[in-house]
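Keep the viewer open as you read.

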Amino acid sequence: MSAAEHLDPIPDSFILQPPVFHPVVPYATTIFGGLYAGKMIMLQGVVPLHAQRFQVDFQCGCSLHPRPDIAFHFNPRFYTVKPHVICNTLQGGVWQKEVRWPGVTLQRGASFLVLFLFENEEVKVSVNGQHFLHYRYRLPLSRVDTLGIYGDILVKAVGFLNINPFVEGSREYPVGYPFLLYSPRLEVPCSRALPRGLWPGQVIVVRGLVLQEPKDFTLSLRDGATRVPVTLRASFTDRTLAWVSSWGRKKLISAPFLFYPQRFFEVLLLCQEGGLKLALNGQGLGATSLDQKALEQLRELRISGSVHLYCVHY
């Protein structure tokens with residue numbers, strides 16, 4: 001796409017902020033679109049061996065003077081006999097009554113995955129796949145537009161996600177699907193075995209970043225006979241997304257085209273009786289039909305095209 005071309009208007013809810021890898025702490029960044037119910041922030045990192053404390057602040061602005069309000073302050077402390085987490089809210093430069101949560105599973109010298117799930121009236125926090133705390137909002141969630149990370153912490157990745165829109169499928173919270181950090185990308189084409197096929201309730205998660213000059217993107221599911229009963233294909237020439245049958249028949253998906261250069265994306269496929277449901281960037285976009293026998297016979301997930309991959313989970 002040339003510099004002169006304009007992006008099609010896309011609702012904010014369809015746009016996911018790219019993940020950040022290995023930021024230097026102290027670190028502060030704008031949260032694209034702010035916070036809203038259904039948004040998740042995922043934090044992967046390591047607690048240094050001699051850490052005293054660190055904090056993750058969901059701020060209402062990023063000014064230094066005056067200090068911005070902090071809607072949710074998450075502050076693990078390791079220097080006491082019994083490590084714990086302090087949660088609080090800062091308003092008008094004054095801290096409100098703090099809430100103390102004992103028994104934190106974060107440990108010095110250990111890696112961690114913390115997931116913040118923002119709901120209508122409270123935020124839930126899980127640590128290493130286990131629900132840890134919940135905190136009721138004292139300031140409107142809509143005011144939050146900045147994430148700040150400070151103190152003794154080594155951050156490997158920060159992810160900005162939406163919740164799984166499928167009520168029938170497993171929720172990502174509290175477990176979380178971490179970004180793969182050893183590259184930090186997977187090689188493309190990417191192939192993953194499905195030794196037991198697919199079954200109702202299973203969710204396939206694919207997250208990545210579109211390259212600067214994209215040509216194509218294809219996600220296909222193949223059976224043991226190397227047939228391809230299901231293919232999801234993005235066309236960069238006419239900006240369409242479509243299901244493609246094993247006979248080559250295309251069924252266009254009515255949705256904003258999200259696969260623009262340098263944009264982060266998330267594909268969710270929920271297996272259910274009778275087929276697969278699709279969601280892009282947390283927005284449900286219908287389904288494609290496939291009988292249960294065909295789903296059980298699938299043996300390979302293959303992803304190819306002009307993308308970097310950060311997460312493939314199933």
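## Overall build

The protein chain has one helix and 24 strands. Its radius of gyration is 21 Å, close to the 20 Å that the globule rule gives for 314 residues, so the chain is as compact as a globular protein of that length. Keep in mind that this is a predicted model.

Of the 314 residues, 52% count as buried. The chain exposes about 14,900 Å², and carbon and sulfur atoms supply 53% of that area. As for contacts with a separation of 6 or more, 66% of them come from residues 24 or more positions apart.

The largest nonpolar core has 40 residues, and the ones with the most contacts inside it are Phe-58, Phe-72 and Phe-116. There is also a second, separate core of 39 residues, which includes Cys-190, Phe-259, Phe-265 and Cys-271.

Not counting residues up to four places away in sequence, Phe-58 touches Ile-31, Leu-35, Ile-41, Ile-70, Ala-71, Phe-72, Phe-116, Phe-118, Val-144, Thr-146 and Leu-147.

## Aromatic pairs

How many aromatic pairs are there? The count comes to 20 aromatic pairs. One of them joins Phe-58 and Phe-116: this pair is edge-to-face, with 5.1 Å centre to centre and 70 degrees between the planes. Phe-58 sits in strand S4 (residues 54-60) and Phe-116 in strand S9 (residues 111-118), so the pair links distant parts of the chain, 58 residues apart. Both Phe-58 and Phe-116 are buried.

Back with Phe-58, ring pairs link Phe-58, Phe-72, Phe-74, Phe-116, Phe-118 and Tyr-135 into a cluster.

## Salt bridges

A search of the whole structure turns up seven salt bridges. One of them pairs Arg-207 with Glu-266, and the closest N and O atoms are 2.7 Å apart. Arg-207 lies in strand S15 (residues 203-210) and Glu-266 in strand S20 (residues 264-272), so the pair ties together parts that are 59 residues apart in sequence.

Next up is the salt bridge where the side chains of Arg-227 and Asp-223 meet, at 3.0 Å from N to O. Here Arg-227 is exposed, with a relative accessible area of 52%, whereas Asp-223 is buried at 9%. Returning to Arg-207, salt bridges that share partners join Glu-172, Arg-207 and Glu-266 into one network. Then there's Lys-124, which forms a salt bridge with Glu-119, the closest N and O atoms being 3.6 Å apart. Lys-124 is partly exposed, with a relative accessible area of 24%, and Glu-119 is partly exposed at 28%.

## A look at Thr-218

Thr-218 lies in strand S16 (residues 216-223). What is its relative accessible area, and does Thr-218 count as buried or exposed? The value is 14%, and buried means under 20%, so Thr-218 counts as buried.

Which residues does Thr-218 contact once its neighbours within four places in sequence are left aside? They are Thr-231, Leu-232, Arg-233, Arg-302, Ile-303 and Ser-304. Take Arg-302 from that list: Thr-218 and Arg-302 are 84 residues apart along the chain, yet their C-alpha atoms are separated by 8.1 Å.

Key: Residues are numbered from 1 along each chain as its sequence is written. This is a predicted model: local features need pLDDT of at least 70, side-chain atom pairs count only at pLDDT 80 or more; totals for chains, interfaces and linings use all residues. Side-chain values use heavy atoms; hydrogens and water are left out. A salt bridge is a side-chain nitrogen of Lys or Arg within 4 Å of a carboxyl oxygen of Asp or Glu. Buried means under 20% relative accessible area, exposed over 50%, partly exposed in between (1.4 Å probe, protein chains only). Helices (H or I, at least four residues) and strands (E, at least two) are DSSP runs, numbered from the N terminus. Contact means heavy atoms within 4.5 Å. A nonpolar core is a set of buried Ala, Val, Leu, Ile, Met, Phe, Trp, Tyr and Cys residues joined through side-chain atoms within 4.5 Å. The radius of gyration is taken over C-alpha atoms; the globule rule is 2.2 Å times the number of residues to the power 0.38. Accessible areas come from the Shrake-Rupley method with a 1.4 Å probe; for residues, only the protein chains shown count as cover. Rings of Phe, Tyr and Trp (its six-membered ring) pair if their centres lie within 6.5 Å; planes under 30 degrees apart count as stacked, over 60 as edge-to-face and the rest as tilted.
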